[in-house]
Amino acid sequence: MITAATGNTFSTSAAPALVIEQDALMKNAVVQVIVRSGSLSDPDDMPGLANLVARAMLRGTQTKNYPRLTEAVESIGGSLEVRTDREITVFTGSVIAVNFNAFMMLVSEIMSAPAFDDDEVATLKGIVKGELLTRMQQPKILAAMAALGTAFAGHKAANATQGTVAGVDAAGIWALRAFHRERYVRSNMLVACVSPYAVPEAEKALRAAMSVLPPGTLDARSVPAPVMTGRRAVIVEKQDMSTTPLFIALPGVAPGDKDMMALEVGNFVFGADFTSRLIRVLRVENGWTYGAYSGFEQLYRSQSSQTLFSLYTYPSAVHAARALPKAFELLEAWISKGLSEDEFAAARDALSGRYAFNIDTPSKRLDLRVAEVLGGAPFMTARQYDVKLSGLARNDVNAVIEKRLKLENVVIAAAGDGAVLKPVLEKIPGVLSVDTVVVSP
Amino acid sequence: MVYPNVLMSLSVFSSVASLIGAMAMTTMTTSTVTTTTLPNGLPMHSGKLPNGLQIYIVENHNAPVFTFQTWFRVGSKDEKTDPKLNATGLAHFFEHMMFRGTKNTPDGEFDRILTRNGVSNENATTWLDRTNYFESMPSKHLELVMQLESDRMANIVIDQKLLDTERGAVLGEYAMGKDDPGNVASELLFETAYTLHPYRYSVIGTEQEIKRFSKEEAEYFYRTYYAPNNATILIVGDVDPVHAMSLITKYYGTCRPQPLGHQRPPVEPAQTAMRSVSFEHAQLEQPKILIAYHVPEATHQDMPTLMILQSMLTSGEGSILSSKWVNAGLSVNVSGELVMLKDPGLFTISAEVRKGHAPDELLTAMDSELLRIADAANDISGEVMRARNQFLLSVYKSWDGNESLAGFMGEYIITAGTPLYAFYFVSTAEKITPDAVKAAAAKYLVQSNRTVVIGKSK
């Protein structure tokens, strides 16, 4: 069943769903195989299983061990890597265009007949556990994990998509095989491709590659609503830090939400740009921090679920006592008072001009079309975007910000010296508690 | 073993080498614009204004947008060799001040005007040999960009209060770097590998220097190095080259050339014995190792071979060190970079060491592989083919879009004197033989030419 076919672009919802675009000038092809199961599909006692399965699939098939498989992919100028989100797992492949068909045959073999060899999985587990430790070296990650752990306490949405060391240890080969058998099926997959090949030719290659998979059923899961109660602050105790990473998080909206465009206009004024209020006040006027941003995907990426809206900054430790309360004050003022007429007009002009950069390369257009299929915002041409944007009025935007972003339930998470941070966070208006939390891999 | 030949489409690159030679012999003005077709099929126009400003325009009409880059041939190495400065960190600090107002455009207006007109990815970076400024805009705003960029090339005003405020932001960036063990390790690597050449100094400088830079020093730096005869403009995107050249003449033609302050930096003496240093860092959860070998300058004939060797060792799951380190359980990851500079650079490798293992185990495993590569008796043709194709794939990926194409070409403006060198480099890498790789490994990747930095948990 063809659901859209415009020029050199094609998409279909017949399993597996396909999105294909042609760009005759490209010298390589880019392929995305998207499995609609991510870390939310992990069993409760095995956080990290979805990620482990996907990465184990790249470590050998039933006919090619890991070195042979890697050689087969890379010697033809190909690369294949995988990323696990909460709702999906994405394999992204690139290959020198003349070897596209050979590459797709390898992709087919990887998807349908992974080896899950004992030794390779044991090696992979060691690598993943090391990566989990490495993540803990980033101060930003510590604050982010504390924010998520508080917002989704007791739910697997709080976990890193790579899982936990204990979860990785608990995942046996049988669990990997079962997860693969149930989720790597045509109805649970979307395949997208941009290449110099004509659409029918690319479609043929993609269909052939996926035809070896069973039809199966869809396993789409959503991030639950956060479990926030009032304004809570948490501190990850960390000494010898030169900066103080800080997240302020509150319930957001889903990417495909009808109000998302209005919120994007509002967020542009608040923290999405170098000219936004956060940068202007915290960096340009006061020099307290190098960066200060806000958005809906800073803590986790969502395809169709509700997000957390968050403010992130990392003032120098010596300025934290002034920068943290100011950041909250700016957030409060933005939500309660909204945008001025001039700010609104500037944001609308900026976003209108900037939209061309969302669709200026084949890969970016492909990403937007894939996002649409996964439940995100509809793909728009520059003209369609302009029409929609020009339909917004400042009062609409301000009303949406106030209605959809509430400061009643908020998590404030910082990493640094608790003795310094606790009194600062306690003074933020309405904060009910300031707790020290432990973030561990 | 037989490998498919995927390289035929690159044969056109061979014509670029002769083109570079031809261009070097021609003194260009805007009246003698040179036009050529790049290996990716896009036309490029180049010229030079009488005041010395170099211009490259690559036409790409795929989307109604363009990327505009200004490259100044001044970086952190130059401030150290300038006897009037003898400092580190000013080149970077000054880069920040370029966003804080001119005689005609008050503080904040540069960003506000560009933003309101749809700018994307507006920023700047400072590196050892150069400083670059860039933005991408909808096509209709080419003149606006020229107006603003030419204004800040000639008319920056250093305000004491703004200088002091920006100092705070730079110190914030400095603090961010100190919290990152990878950044600390990298700075230590350069500081140890180079003993004399100013590449050994950190680009961001020291905290003390950032705190003391004066208005007068900033003004001297601007006056001395930000001149049209020390700059190149690279435009990639949906522009009419004739119109663009006329706008460049209109807006940049009045910028006055300056006597430049560049001093030849001291030559780094050849390293004769391995150097090793270690550091402790509170954020490190497991040991970290960084390794560097001295290599020649970017335009040296051995560099394409070293790029293939770098790819063999660290690019992709099938790379040698991915196999011998990561998959052997010694490290969590591996990465590498061939740092190509105007003066001799570095071949670097880094990894997070798995708990329970020592960095020396990684060095032993790597040395064994380097000996195998260099041994004439061993066939490495398959590995060379894999590495070459991985390199080509990374090149093709960088041709996707104006910004990445400008990034692919731009660095060579500084290191090689022309962005065309990027394509020449690729065409040369295409012809690298296994014997050349063996020779390069034996010549450069030896212990006496090695610096090792090891990071440990505090």
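In β13(A), Val434(A) is the bridge partner of Ala233(A). That pairing belongs to a predicted model. Chain A carries an open sheet of 6 strands, and chain B carries an open sheet of 5 strands. The area buried between chain A and chain B is about 5,000 Å².

**The sheet of chain A**

- The strand order is β10-β11-β9-β12-β8-β13 in chain A, and the pairing is mixed.
- The edge strands are β10 and β13 of chain A, and β13 covers residues 431-437. Each of these two strands pairs on one side only.
- From one strand to the next, the twist averages 15 degrees.
- Strand β8 of chain A spans residues 231-237 and runs parallel to β13(A). The two are joined by 6 bridges.
- Strands of a sheet pair through backbone hydrogen bonds, in either a parallel or an antiparallel sense.

**The sheet of chain B**

- Here the order is β8-β12-β9-β11-β10 in chain B, again with mixed pairing.
- β8 (275-281) and β10 (335-339) of chain B stand at the edges. Each has a single partner strand, so one side of each is left without a neighbour in the sheet.
- The twist in this sheet averages 15 degrees from one strand to the next.
- β10(B) pairs with strand β11 (residues 346-352) of chain B in the antiparallel sense, over 5 bridges.
- Within that strand, β11(B), Thr348(B) is the bridge partner of Glu337(B).
- Helix α7 of chain B, residues 181-193, lies across β8, β9 (288-294), β10, β11 and β12 (450-457) of chain B. Helix α7 of chain B runs at about 155 degrees to β8(B).

**Where chain A meets chain B**

- Chain A gives 62 residues to the contact, and chain B gives 59 residues.
- Carbon and sulfur atoms give 57% of the buried area.
- Between the two chains there are 23 residue pairs in polar contact, with both residues at pLDDT 80 or more.
- Several elements of chain A give two or more residues to the side that touches chain B. Among them are the helices α2 (66-75), α4 (118-135) and α10 (277-285). The strands β5 (78-84), β6 (89-96) and β10 (289-295) of chain A are also included.
- By class, that side of chain A has 22 nonpolar, 24 polar and 16 charged residues.

**Salt bridges**

- Over all chains, the count comes to 47 salt bridges.
- Across the interface of chain A and chain B there are 4 salt bridges.
- Arg283(A) forms a salt bridge with Glu166(B), with the closest N and O atoms 3.3 Å apart.
- Glu329(A) and Lys326(A) also meet in a salt bridge through their side chains, at 3.2 Å from N to O.
- Both Glu329(A) and Lys326(A) lie in helix α11 (residues 320-337) of chain A. They are 3 residues apart, about one turn of the helix.

Note on methods:
Residues are numbered from 1 along each chain as its sequence is written. Chains are lettered from A and ligands numbered from 1 in the order in which they are written. This is a predicted model: local features need pLDDT of at least 70, side-chain atom pairs count only at pLDDT 80 or more; totals for chains, interfaces and linings use all residues. Side-chain values use heavy atoms; hydrogens and water are left out. Contact means heavy atoms within 4.5 Å. Buried area is the accessible area (1.4 Å probe) that two parts lose on being put together, summed over both. A polar contact is a pair of N or O atoms within 3.5 Å; within protein, one must be able to donate a hydrogen and the other to accept it, and residues adjacent in sequence count only if both atoms are side-chain atoms. Helices (H or I, at least four residues) and strands (E, at least two) are DSSP runs, numbered from the N terminus. Ala, Val, Leu, Ile, Met, Phe, Trp, Tyr, Cys and Pro count as nonpolar, Asp, Glu, Lys and Arg as charged, and the others, Gly among them, as polar. Two strands pair if DSSP finds at least two bridges between them. Axes are lines fitted to C-alpha atoms, for helices over the stretch in contact, and angles run from 0 to 180 degrees between N-to-C directions.
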